[in-house]
Structure formats: C-alpha cells, structure tokens
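Here is my note on the structure you sent. Please keep the model open as you read the points.

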Amino acid sequence: MATPKEVTEQLIDCLPDHAGWDEIMYELYVRSKIKEGMADIEAGRTFPHGEVKAKFLNR
C-alpha cells in the first residue's frame, strides 16, 4: 500500500508540466474523496439508490 506521499508524487508525475496549484489540489481532493467512498462501501456505510432518490425527491 502506497503512502500518501508516494501517491502524491505519482500524481504529480502524471500531471502536465504546466499544471498549477489548483489542478494539483483538485486531483488530490478527488482522490481523497474516492478513497473515503471506497472505505465506506467496504464498511457497509451505504444506502440503496432508491432510498436516497426518494429522500431527495420528497423534500
């Protein structure tokens, strides 16, 4: 399992040379949120699609 530093280094290496701070921070944010979501799935912290849809449509 790669450390956060290693993942960041790999990410930066994959970005174009002209990538700015905003692009780098966006990529790190998205990857972080995906990792959190995957952990939620593995831990069973999910809701069925229909349940979520019904909740938001019945506001």
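1. Start with burial. Buried residues make up 7% of the 59 residues in the protein. Keep in mind that this is a predicted model. The protein exposes about 5600 Å². Carbon and sulfur atoms supply 59% of that area.

2. Next, the fold. The protein has three helices and zero strands. Read from the N terminus, the order of elements is α-α-α. The radius of gyration is 16 Å, well over the 10 Å that the globule rule gives for 59 residues, so the protein is more spread out than a compact globule. Along the principal axes, the C-alpha atoms fill a box of roughly 45 × 25 × 10 Å.

3. Now the charges. The protein carries 8 positive and 11 negative charges.

4. How many salt bridges does a search of the whole structure find? It finds two.

5. Lys33 pairs with Glu36 in a salt bridge. Their closest N and O atoms are 3.4 Å apart. Both residues sit in helix H2, which covers residues 21-42. They are three residues apart, about one turn of the helix.

6. Check the exposure of each partner. Asp40 is partly exposed, at 28% relative accessible area. Arg45 reaches 51%. Exposed means over 50%, so Arg45 counts as exposed.

7. Last, look at the surface for nonpolar side chains. Ile34, Met38 and Ile41 form a nonpolar patch there. Together they have about 310 Å² of accessible area. One of them, Ile41, is placed in helix H2. Is Ile41 buried or exposed? Ile41 is exposed, because its relative accessible area is 54% and the cut-off is over 50%.

8. To go over it again, find helix H2 in the model. Trace the Lys33 and Glu36 pair, which lies in this helix.

Key:
Residues numbered from 1 in each chain as written. Predicted model: local features only at pLDDT ≥ 70, side-chain atom pairs only at ≥ 80, totals over all residues. Heavy atoms only, no water. Salt bridge = Lys/Arg side-chain N within 4 Å of Asp/Glu carboxyl O. Helix = DSSP H or I, 4+ residues; strand = E, 2+ residues; numbered from the N terminus. Buried < 20%, exposed > 50% of the residue type's maximum accessible area, 1.4 Å probe, protein only. Rg over C-alpha atoms; globule rule 2.2 N^0.38 Å. Areas by Shrake-Rupley, 256 points an atom, 1.4 Å probe, with all protein chains shown as cover. Lys, Arg positive; Asp, Glu negative; His and termini not counted. Charge placed at Lys NZ, Arg CZ, Asp CG, Glu CD. Patch = residues over 30% accessible without salt bridge, like charges linked within 9 Å, V, L, I, M, F, W, Y side chains within 5 Å.
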